[in-house]
Amino acid sequence: MAAPGENMKINGDRLWDSLMEMAKIGPGVAGGNNRQTLTDEDGEGRALFQQWCEDAGCTMGLDQLGNMFATRPGTDPDALPVYVGSHLDTQPTGGKYDGVLGVLGGLEIIRSMNDLGIKTKHPIVVTNWTNEEGTRFAPAMLASGVFSGVHAQDWAEDKTDAEGKRFGDELDRIGWRGEEEVGARKMHAFFELHIEQGPILEAEEKEIGVVTHGQGLSWTQVTVTGKDSHTGSTPMPMRKNAGLGMARILDLVDEIAWSHAPHAVGAAGHIDVYPNSRNVIPGKVVFTVDFRSPDLSVIEDMERRLREGGQAIADDMGLGIEFEKVGGFDPVEFDEGCVTAVRSAAERLGYTHRDIISGAGHDACWINRVAPTAMAMCPCVDGLSHNEAEEISQEWAEKGANVLFHAVVETAGVEG
């Protein structure tokens, strides 16, 4: 299959203008975005995306979970499409690029193909997946998970937000439920462009990350029980301090993660302390340990050592302890052919690049189960993401989209 010429580039100014225009919808309080899934702002962003796609000559498909599919036809009506995309929803204090770059980068591929008169054998479809962030309706990557058969549609639609509103009801309310069966589409391949959300590419002055794997994730909720008692009048030997037990277990978590350096990580981000009073020794703590690694055997080892070591700490301190696995997914190895297409594109364009493992979950991690899939990443300033101060340069965005342009068009088969 012929490779596109190295002079084939997207319009970087137009891509950047589109990113800035989309960022006007659901502005955050500190320069970023608050365009949470299935809110009015999400609906407004979807409408703008659809208008842009139709202006570029695409037809828009919509499935029963609101996943959007903008299609540019290929020359072979029987050829399966090459899909490209990400998500438009954001965190409550999200940035302007997380997810959005992948969707609008896909749109820019279509626009640039139109400008250059490029035809492909396979159709190209730009996708906006519903509820990737999972901040309003957990878990993350919800609709792509249903699409790939990981979750049941009814289960997803019954998810509720903090106010008790159902996912399915809110989808109907904003008017973005389609009739198409979720997961009915077949793909030739799927590509996703994303900001790194980490500091490696910037620190090593690499322009492109070629994503070979996605980290697996394990969430274990740990409940440690002791006895509430007065911080001033309870003698040290008579305390059953659940907070101290947690501290020792979190030190163990850190030790476990370090033992599998450099690719494993571990910490607790969600912690509840009871009764959470200044002068009461905690009688109960509930916290979730987040372990990640691209190696399933490493994740299993970390889980085992947490349970064994945590139990030993609790027993030694006279505390009760319970473990419950509350979430997780296995590591992902992306398709060798698609990964090679991304790497070859970066080389053809003369961009500095390195292989990288994604530390975060992405829709591509689920789609990899049903189609050959790969990701490309561009740097972000200080590795900061899920924060309104998230920032990338126009040059980084342009180069990431150029790599995607080449990988997608080569995979779709240039005609003529």
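I started at H213, which stands opposite E333 in β14. Before going on, I noted that this is a predicted model, where local features need pLDDT of at least 70, side-chain atom pairs count only at pLDDT 80 or more, and totals for chains, interfaces and linings use all residues. Residues are numbered from 1 along each chain as its sequence is written, and side-chain values use heavy atoms, with hydrogens and water left out.

**Entry: strand β7**

My labels for helices (H or I, at least four residues) and strands (E, at least two) are DSSP runs, numbered from the N terminus. I count two strands as paired if DSSP finds at least two bridges between them. On that basis β7 and strand β14 (residues 332-333) are antiparallel partners over 2 bridges.

I then looked up the other partners of β7. With β15, β7 runs parallel, and 6 bridges join the two; V211 has I356 as its bridge partner there. With β16, β7 runs antiparallel over 3 bridges, and G209 has M377 as its bridge partner in β16.

For burial I used relative accessible area: buried is under 20%, exposed is over 50%, and partly exposed is in between (1.4 Å probe, protein chains only). Strand β7 (residues 208-214) comes out mostly covered, with 6 of its 7 residues buried.

**Entry: strand β12**

How many residues of strand β12 are buried? I get 9 of the 10 in residues 284-293, so β12 is largely enclosed by the rest of the structure. F291 is found in this strand, and F291 counts as buried because its relative accessibility is 0%. I also checked F291 against R305: they are 14 residues apart along the chain, and their C-alpha atoms are separated by 12 Å.

Next came the partners of β12. Strand β8 (residues 216-225) pairs with β12 in the antiparallel sense over 10 bridges. Strand β10 (residues 265-274) also runs antiparallel to β12, joined by 9 bridges. F287 of β12 turns up in both pairings: F287 is the bridge partner of V222, and I271 stands opposite F287 as well.

**Entry: the largest pocket**

Grid points are joined across faces, edges and corners, and a volume is the space filled by probe spheres set on the points.

The largest pocket has a volume of about 1,100 Å³. Its lining holds 45 residues, and those nearest the centre are L217, R292, G359, A360 and G361. The elements that give two or more residues to this lining are β8, β13 (320-329) and β15 (353-358). From β15 comes the largest share, 5 residues.

Where does the largest pocket lie? Domain 1 (12-215 + 331-415) and domain 2 (216-329) both give residues to the lining, so the pocket lies between them. The domain bounds come from an automatic or database domain assignment.

**Entry: cysteines**

I searched the whole structure for disulfides (cysteine sulfur atoms within 2.5 Å) and found 0. The sulfur of C365 has its closest cysteine sulfur in C338, 14 Å away, too far for a bond. For C380 the closest is in C378, and that 7.3 Å is also too far for a bond. C365 counts as buried at 3% relative accessibility, and so does C380 at 0%.

Most residues other than glycine have a negative phi, and most peptide bonds are trans, so I listed exceptions.

- The A261 to P262 peptide bond is cis, with omega near 5°; P262 is in the loop between α8 (242-258) and β10.
- The Y274 to P275 peptide bond is cis too, with omega near 0°; P275 is in the loop between β10 and β11 (280-281).
- N276 has a positive phi near 60° without being a glycine. N276 lies in the loop between β10 and β11 and is exposed at 63% relative accessible area.
- H386, not a glycine either, has a positive phi of about 55°. H386 sits in the loop between β16 (373-378) and α12 (394-412) and counts as partly exposed at 39%.

Methods. 1 Å grid on protein atoms, 1.4 Å probe; cavity = no way out; pocket = protein on both sides within 12 Å on 5 of 7 lines; lining within 4 Å.
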